[in-house]
Amino acid sequence: MLSRFLVYGCVGWVLEVMFTGTGAALKKDRNATARTYLWMHPIYGGTALALEEVSARLKPLPRPLRALVYTGLIFGAEYGTGWLLKRLLGRCPWDYAPHRWSVHGLIRLDYAPAWYLTALLFEPVRDTLLHVTSEALRQTPEYRDAEAQGTLPPAALPEEKPLEAGLVAARFESAQAEPTPTP
């Protein structure tokens, strides 16, 4: 979970830098000056982990509808963390107050299309991340040693068909948590 939190935070930073840099370039900033905040990493990471939990419950719904729910959750996370930072720091690092569609200076409703697009991309990004991290796990010395010693649960061993994203990591972590019997 920590690795996904860290990667989600970095993905959020990259998206924000691309978004703000593109916006600056469209406003004739020849440097395409981009902006983000250190606070955003844990906000993006935590929000994405929360979306993972919600996505499991929303699986029966069509993807566009799930993305609409994610958009609401993203707005809620942005508003809630902005409010909390305002209470803790005396100000929110982002200030949308001068903008027409701002809600208490903490969110901008005119960003709904951008957040909806981000929400539509969430599941494919999550699935890719889980697949990549599972494959990376298979390449670690610990996994190879456990496989060679036969201490992996049988279902965690690579199969001819690809395992569901993240399944390898979950089974390996649970096997690592169980005490190893001594011969």
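## A loop residue to start from

D110 sits in the loop between β2 (107–108) and α4. This is a predicted model. D110 counts as partly exposed, because its relative accessibility is 33%, and that value falls between the cut-offs of 20% for buried and 50% for exposed. From D110 to R100 is a step of 10 residues along the chain. Their C-alpha atoms lie 8.7 Å apart.

## Overall layout

The chain has 183 residues. Its secondary structure amounts to 6 helices and 2 strands. In sequence order, these elements run α-α-α-β-β-α-α-α.

Buried residues account for 33% of the chain. The accessible surface is about 11,800 Å². Carbon and sulfur atoms contribute 64% of that surface.

## Helix α2 against helix α3

Helix α2 spans residues 40–58, and helix α3 spans residues 63–89. Their axes come within 10 Å of each other. They cross at roughly 145°, and the crossing is right-handed.

Which residues of α2 meet α3? On the α2 side they are I43, T47, L51, V54, S55 and L58. The α3 side supplies R66, V69, Y70, L73, I74, A77, T81 and L85. Sorted by class, this contact holds 10 nonpolar, 3 polar and 1 charged residues.

## Helix α1 against helix α4

Helix α1 covers residues 2–26. It packs with α4 at an angle of about 140°. The two axes are 12 Å apart. This crossing is right-handed.

From α1, the contact residues are R4, V7, Y8, L15 and F19. In α4 they meet A114, T118, F122, R126, L129 and L130. The class count is 8 nonpolar, 1 polar and 2 charged.

## The largest nonpolar core

The largest nonpolar core has 24 residues. Y8, M40, Y70, W94, W115 and F122 touch the most other members. Helices α2, α3 and α4 (112–138) each provide at least two core residues. The largest share comes from α2, with 7 residues.

Y70 is on the α3 side of the contact with α2.

M40 is found in helix α2. M40 is classed as buried because its relative accessible area is 6%, under the 20% cut-off. Setting aside neighbours within four places in sequence, M40 is in contact with W13, E16 and W94. M40 and E78 are 38 residues apart along the chain. Their C-alpha atoms are separated by 9.6 Å.

What does W94 touch, leaving out residues up to four places away in sequence? The list is Y37, M40, I43, E78, T81, G82, L85, G105 and L106. Three of these, I43, T81 and L85, also take part in the contact of α2 with α3.

E123 is found in helix α4. Is this residue buried or exposed? E123 is buried, because its relative accessible area is 5%, under the 20% cut-off.

Not counting residues up to four places away in sequence, E123 touches S55, K59, R63, R66 and Y70. Among them, S55 lies on the α2 side of the contact of α2 with α3. R66 and Y70 lie on its α3 side.

## Two loop residues with positive phi

K28 is in the loop between α1 and α2. Its phi is near 75°, a positive value in a residue other than glycine. K28 counts as exposed because its relative accessibility is 70%, over the 50% cut-off.

H104 lies in the loop between β1 (102–103) and β2. Phi of H104 is near 55°, again positive in a residue other than glycine. H104 also counts as exposed, because its relative accessibility is 59%, over the 50% cut-off.

Terms used. Residues are numbered from 1 along each chain as its sequence is written. This is a predicted model: local features need pLDDT of at least 70, side-chain atom pairs count only at pLDDT 80 or more; totals for chains, interfaces and linings use all residues. Side-chain values use heavy atoms; hydrogens and water are left out. Axes are lines fitted to C-alpha atoms, for helices over the stretch in contact, and angles run from 0 to 180 degrees between N-to-C directions. Helices (H or I, at least four residues) and strands (E, at least two) are DSSP runs, numbered from the N terminus. A crossing is left-handed if the near helix is turned anticlockwise from the far one by less than a right angle, and right-handed if clockwise. Contact means heavy atoms within 4.5 Å. Ala, Val, Leu, Ile, Met, Phe, Trp, Tyr, Cys and Pro count as nonpolar, Asp, Glu, Lys and Arg as charged, and the others, Gly among them, as polar. Buried means under 20% relative accessible area, exposed over 50%, partly exposed in between (1.4 Å probe, protein chains only). Accessible areas come from the Shrake-Rupley method with a 1.4 Å probe; for residues, only the protein chains shown count as cover. A nonpolar core is a set of buried Ala, Val, Leu, Ile, Met, Phe, Trp, Tyr and Cys residues joined through side-chain atoms within 4.5 Å.
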